[in-house]
Amino acid sequence: MTTHALPPLPYAYDALEPVISKQIMELHHQKHHQTYINNLNAALSAHASATQSNDVSTLIGLQQKIRFNGGGHINHSLFWKNLTPPGTPGNDLTSAAPSLQSAIVSRWGSEQAFVDAFGAALLGIQGSGWGWLVSTGGPKGRLEITTTKDQDPVNGPDVPVFGVDMWEHAYYLQYLNNKAGYVAGIWKIINWAEAEKRYTAGVENPLKL
């Protein structure tokens, strides 16, 4: 059975400051993401044992644990790579993501209209969840803004171009109840180069990015 492990960040823990603090990144990556992985590995091990013994009741009971913790592992693995330190080349939409930029303007009329619509979707999430820019049906599909509850991932064939974690652990230590401040700041660290790659070529395996 494959055992999942915590993927390394593609930048230092303090690299996303001042948008996201080093403290948040350390806790988010080392504690929260690691916990999803630990719980997923335990659930998959129990699933393998229940499958071998044909314990259907246990198999049914494990489905939600696999969905929640597997989704948490997938979503965070995507999230780390769709962020980049502010001011780096990948953070410039026009130069780093020409195909995606054109599709965004075609779909929403302007970059600002897209940012406004995405921000409204993020702030409209009740409880915990994620906001996503999705290419529907596969790469280079119609772009849509969508949200998922808790740790539910974007399901294929739709492509998660980029996602924003709206769980409180992603921002609260720094922004407290100023969720809008976190949403406004996230645009300074979006990795548009990674988003362009996903939009044009898809994501072959979210856990092997």
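Student: In which loop is threonine 84 found?
Tutor: This is a predicted model, in which local features need pLDDT of at least 70 and side-chain atom pairs count only at pLDDT 80 or more, while totals for chains, interfaces and linings use all residues. Residues are numbered from 1 along each chain as its sequence is written, and side-chain values use heavy atoms, with hydrogens and water left out. Helices are DSSP runs (H or I, at least four residues), as are strands (E, at least two), and both are numbered from the N terminus. On that basis, threonine 84 is found in the loop between H2 and helix H3 (93-96).

Student: Is threonine 84 buried or exposed?
Tutor: Buried means under 20% relative accessible area, exposed over 50%, and partly exposed in between, computed with a 1.4 Å probe on protein chains only. Threonine 84 has a relative accessible area of 10%, so this residue is buried.

Student: With which side chain does the side chain of threonine 84 make a polar contact?
Tutor: A polar contact is a pair of N or O atoms within 3.5 Å; within protein, one must be able to donate a hydrogen and the other to accept it, and residues adjacent in sequence count only if both atoms are side-chain atoms. For threonine 84 the distance is 3.0 Å, and the partner is the side chain of threonine 88.

Student: How far apart are the end C-alpha atoms of helix H2?
Tutor: Helix H2 covers residues 56-81, which is 26 residues. The expected span of a helix is 1.5 Å times one less than its number of residues, so H2 should span 38 Å, and this agrees with the end C-alpha distance of 37 Å.

Student: Which residue does a cis peptide bond join to glutamate 17?
Tutor: The bond has an omega of about 5°, and the residue in question is found in the segment before helix H1 (22-52). The residue joined to glutamate 17 is proline 18.

Student: Is asparagine 54 buried or exposed?
Tutor: Asparagine 54 is found in the loop between H1 and H2, and its phi is near 60°, a positive value in a residue other than glycine. Because its relative accessible area is 60%, asparagine 54 is exposed.
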